[in-house]
Amino acid sequence: MPAKLILSMDGAVLKEYPLNKERTTIGRKPHNDIVIDNLAVSSEHAAIVTILNDSFLEDLDSTNGLAVNGTPTKKHFLQNNDLIEIGKYKLKYLNDQPTQTTAADFEKTMVLRAPIKPAAGEAKSPLDVTATRKTEVTTQFNATASGVANVTGGGMAPEAAGAQPVALVQILNGPNAGKELELVKNLTTLGKPGVQVAVLARRPHGYFITHVEGGSFPTVNGSSIGEQPHQLRDHDLIELAGVKMEFYFKT
Amino acid sequence: MVRSHNEDSVAYDAELGLVVLADGMGGYNAGEVASGIAVSVLSSEVRHHLEGARPEDLDSAGKELGVALLHDNVKKANLSIFRAAQSQPQYAGMGTTIVTALFYDDRVAVAHIGDSRMYRLRGESFESITRDHSLLQEQIDSGMISKDDARLSKNKNLVTRAVGIDADVEPELHVHEVQVGDVYLLCSDGLNDMVEDDDIGTTLQMLQNNLPLAATQLIQMANDNGGRDNVSVILVKVKGRFAAPRGLWAKLRTWFGN
């Protein structure tokens, strides 16, 4: 379904316009695709260029300008639910094409071909979609050469999956004893390069420590973690390169 | 869980310094077939031709063999896929992206078609050294859309050039000089669609001394961000110089995940 604009004034919906043309014009004069007969609107006020699923709004040097979501703008890449304001009129942009990051078929790669095609004589649309990549949904997969197992979520309350609490490590011995490090990044490395290094990975379902380099593996609560990622629990005791530290969740 | 239909194909040969990654498209298993043909043509032909020759040798046209091999064999793979698609109805319209690199004489020749990428980490700097053949990249180039806004586009995954769709195709080919310590990443769009370049770069920077872990981590990040596409990565780290005529002799180590 093509994206559309819904024209309204003072909360009353006036009309709906599908964005099914490459260029849709908005203005006071009757030749525009979207005609707003009001003196505050320029004869050719704005245009929307639509390329497949993306639409771009452009002010055509109008006298009174336009705003998107309250901000005056000359050019704007429209996103679902954007509100375009032209004088007292409002145009709501709706594009319910699922975003590719959430749609099950987001991975369909297609080939766009140039309109010129020597073989067949029939009329061709400028865009000829000739191949699609198969859609498949899997929750996870893993096949690295090293064969490290994929760790699935477990032990975390469902509500923790979205907004998991931030964790910290506190150094317990040596010159830096007492120092705290908040684990806000996706990855945090610990240890001394060339001696022993481990990485703490923040993932949707928890924190994991993995050995990166060095002759020995880090220990958690006194036992070596080996080469595999190890999920950390509140108040776990980590030791690497002679440094002891405690892992805990911020309360 | 390993998905039954992985449309990506990868191959590497550290002795030759050759890496190939392809991301297929097409119904049923046609995508796998296309990427599989591309990878096997590239790896077997390049290997075969380098049995009695060096990549830095010049061919009759004065072109370096390494460059010519990538160029000619991407075209050859294209024709093989195109012919298979023509002869088998279930393969009609299949195609694939490809990114392939040959390391020789302290340089790397890179050929690509479509939106599979090659990145380079050199010191602090991490950047893509291929430019996608995609609608989005064309829009970025024409100034229609900014690089930041491109992430919001609903027109991802539209490639403007692919292997196997037409009888002939022109690969984009560049030769780059290589430095010891460089890390090269080849990946399918399953990675860079889901993970920001900055995060990919930081991860490689942190984990460059453990490439298998880096590969696993990148794939996990793509999955954690909701990735459902195939994600393939090949990592190459340059451990020493390999100037001609000493050749490459296993100075590269490659690791991959798919």
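Student: Before we start, what does "buried" mean here?
Tutor: A residue is buried if 20 or more other C-beta atoms lie within 10 Å of its own. Keep in mind that this is a predicted model.

Student: What does B:L218 touch?
Tutor: Leaving out residues up to four places away in sequence, B:L218 touches B:L191, B:V195, B:I200, B:T203 and B:V233. B:I200 and B:T203 are also among the buried residues of α6(B).

Student: How many residues are in the largest nonpolar core?
Tutor: That core has 103 residues, and B:L218 is one of those that touch the most other members. B:A38, B:A101, B:L102, B:L185, B:L186 and B:V233 are on that list too.

Student: Which element gives the largest share of this core?
Tutor: That's α2(B), with 10 residues.

Student: What's in the second core?
Tutor: The second, separate core has 18 residues, including A:L7, A:L66, A:Y89 and A:L91.

Student: Back to α2 of chain B. At what angle does it pack with α1?
Tutor: Helix α1 (residues 30–49) and helix α2 (residues 65–87) of chain B pack at an angle of about 140°, and their axes are 9 Å apart. The crossing of α1(B) past α2(B) is right-handed.

Student: Which residues make the contact?
Tutor: From α1(B), they include B:V33, B:A34, B:I37 and B:A38. From α2(B), they include B:L69, B:N73, B:K76 and B:A77.

Student: How do the contact residues divide by type?
Tutor: There are 11 nonpolar, three polar and two charged residues.

Student: Where is B:R47, and what does it touch?
Tutor: B:R47 is in helix α1 of chain B. Not counting residues up to four places away in sequence, B:R47 touches B:D13 and B:L16. Its C-alpha is 9.8 Å from that of B:L69, which is 22 residues away along the chain.

Student: Is B:R47 buried or partly exposed?
Tutor: B:R47 counts as partly exposed, because it has 15 C-beta neighbours inside 10 Å.

Student: And B:R54?
Tutor: B:R54 is in the loop between α1 and α2 of chain B. B:R54 is partly exposed, with 15 other C-beta atoms within 10 Å. B:R54 and B:I113 are 59 residues apart in sequence, and their C-alpha atoms are 25 Å apart in space.

Student: What is phi for B:D105, then?
Tutor: B:D105 has a positive phi of about 50°, although it is not a glycine. B:D105 lies in the loop between β3 (95–104) and β4 (107–113) of chain B. B:D105 is buried, because 23 other C-beta atoms lie within 10 Å.

Student: What about A:A241?
Tutor: Phi of A:A241 is near 50°, a positive value in a residue other than glycine. A:A241 sits in the loop between β22 (236–240) and β23 (243–249) of chain A. A:A241 is partly exposed, with 15 other C-beta atoms within 10 Å.

Student: Last one: how many helices and strands does chain A have?
Tutor: Chain A has one helix and 23 strands. Of its 251 residues, 27% count as buried.

Note on methods: Residues are numbered from 1 along each chain as its sequence is written. Chains are lettered from A and ligands numbered from 1 in the order in which they are written. This is a predicted model: local features need pLDDT of at least 70, side-chain atom pairs count only at pLDDT 80 or more; totals for chains, interfaces and linings use all residues. Axes are lines fitted to C-alpha atoms, for helices over the stretch in contact, and angles run from 0 to 180 degrees between N-to-C directions. Helices (H or I, at least four residues) and strands (E, at least two) are DSSP runs, numbered from the N terminus. A crossing is left-handed if the near helix is turned anticlockwise from the far one by less than a right angle, and right-handed if clockwise. Two residues are in contact if their C-beta atoms, placed from the backbone, lie within 7 Å. Ala, Val, Leu, Ile, Met, Phe, Trp, Tyr, Cys and Pro count as nonpolar, Asp, Glu, Lys and Arg as charged, and the others, Gly among them, as polar. A residue is buried if 20 or more other C-beta atoms lie within 10 Å of its own, exposed if 12 or fewer, and partly exposed in between; C-beta atoms are placed from the backbone. A nonpolar core is a set of buried Ala, Val, Leu, Ile, Met, Phe, Trp, Tyr and Cys residues joined through C-beta atoms within 7 Å.
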